[in-house]
Amino acid sequence: MIDQSPLVARMQGFGTTIFAEMSALALETGSINLGQDFPDTDGPPELLEAACAAIRGGQNQYPPGPGVPALRHAIAAHQRHHYGLDYDPDTEVLVTAGATEAIAAALMGLAGPGDEVVVFEPYYDSYAACIALGGAQRRCVTLERQGDGWAFDPAALRSAVTARTKAILLNTPHNPTGKVFTRAELTVIAEVAQEHDLIVIADEVYEHLTFDGLSHLPIASLPGMRERTVTISSAGKTFSVTGWKIGWICAPPALLTAARTVKQFLTYVSGAPFQPAVAAVLGGDLRAPAIALQAQRDQLCGGLAALGLDVITPQATYFATVDLGSDAVAFCRELPRRHGVVAIPSSVFYDSAAGDSYVRFAFCKRPEVLADALDRLGAAR
């Protein structure tokens, strides 16, 4: 007789995600979904036309395993132009099925049973699952609210590192807080990584979606860090084409080989016509989406604050956090049925209870959608 609970032990506890639950509630109740992180507009026309041209041009079969050469060269040129980082497109760049696969391949290729990975909480939910898939264990350092922003205690980071620690998983700009890590903070992380000979896996998918004149600083650009950093990004967030799932890794050959060895047995390859399309536009102006997104951030955050909510305005990304001062899970489960809006309780991104009163709202929606959501929330208040 087949075991009625056949799921392997290391994946128990990773059931249906909160995103699936809340999206189902959105459909059931006709709610406005400010929970999931996808825009409701398409990417730039030139990108879409480039993909159509690639489809019509016959680029519809398996692309090369490491990725289409044109895209790998464009990624290397992007890193050089924006950050002064030189990567060999043939040995140090790998195209993946979105940043999520890149994270999974890097974690499973570099941290296994007996290893530990340090993460900053709140964390993107796939981090915990990918660490578990590889058989490693996670240790969390909490980002604490400090006024209108977030910070971590360097002593907490140092105490989280043990003899079993293999890697630090860093997300900047950070989901869900919208924090952009400062040079001083990145320097602390770099010092810890070098002192303990750790790998840093840097998820930088929101690198071009920063606000108020802030700029993203890759930790790989700090002294001594290029050779120990796996840098991950994606076209999905930069160009508002999250469904294309075109991501990439930039890393020194040994670290890239570890990730590529795993990646080839996950999806093998993906997105044949989308890869040359991204290559065609990656060298252009990448700031326009952030300008529009900042206006949407201000619209939602200003509206929430006008309703008397305690809003922590983000420095980047798609998300704003509200501190309810009470049970956020109950609030989010009640909100769709009573008021027609979906949000995500931030507690699902924590191991500790530090996020129990926080709610994440996504503002990557058209202004009229945000206005409708605010009207509904206003009636709720």
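S31 is buried in this predicted model, with a relative accessible area of 12%, which places the residue under the 20% cut-off for burial. The position of S31 is in the loop between α1 (18–29) and β1 (32–33). A polar atom of the S31 side chain lies 3.3 Å from the backbone oxygen of P336.

Helix α5, which spans residues 126–133, is mostly covered, as seven of its eight residues are buried. These buried residues are S126, Y127, A128, A129, C130, I131 and A132, and they pack against the elements listed below.

| Element packed against by the buried residues of α5 | Residues |
|---|---|
| α4 | 98–110 |
| β3 | 116–121 |
| β4 | 137–142 |
| β7 | 165–171 |
| β8 | 199–203 |

Just after α5, the backbone of G135 takes a positive phi of about 85°.

A pair of packed helices is described by the angle between the two axes and by the distance between them. For helix α3 (residues 69–83) and helix α10 (residues 274–281), the axes come within 8 Å and cross at roughly 35°, and the crossing in which α3 passes α10 is left-handed. On the α3 side the contact is made by A70, L71 and A74, and on the α10 side by Q275, V278 and A279. The residues of this contact divide into five nonpolar, one polar and no charged.

Technical notes
Residues numbered from 1 in each chain as written. Predicted model: local features only at pLDDT ≥ 70, side-chain atom pairs only at ≥ 80, totals over all residues. Heavy atoms only, no water. Buried < 20%, exposed > 50% of the residue type's maximum accessible area, 1.4 Å probe, protein only. Helix = DSSP H or I, 4+ residues; strand = E, 2+ residues; numbered from the N terminus. Contact = heavy atoms within 4.5 Å. Axes fitted to C-alpha atoms, helices over the stretch in contact; angles between N-to-C directions. Left-handed = near helix turned anticlockwise from the far one by under 90°. Nonpolar A, V, L, I, M, F, W, Y, C, P; charged D, E, K, R; others polar. Polar contact = N/O pair within 3.5 Å; in protein donor to acceptor, adjacent residues only side chain to side chain.
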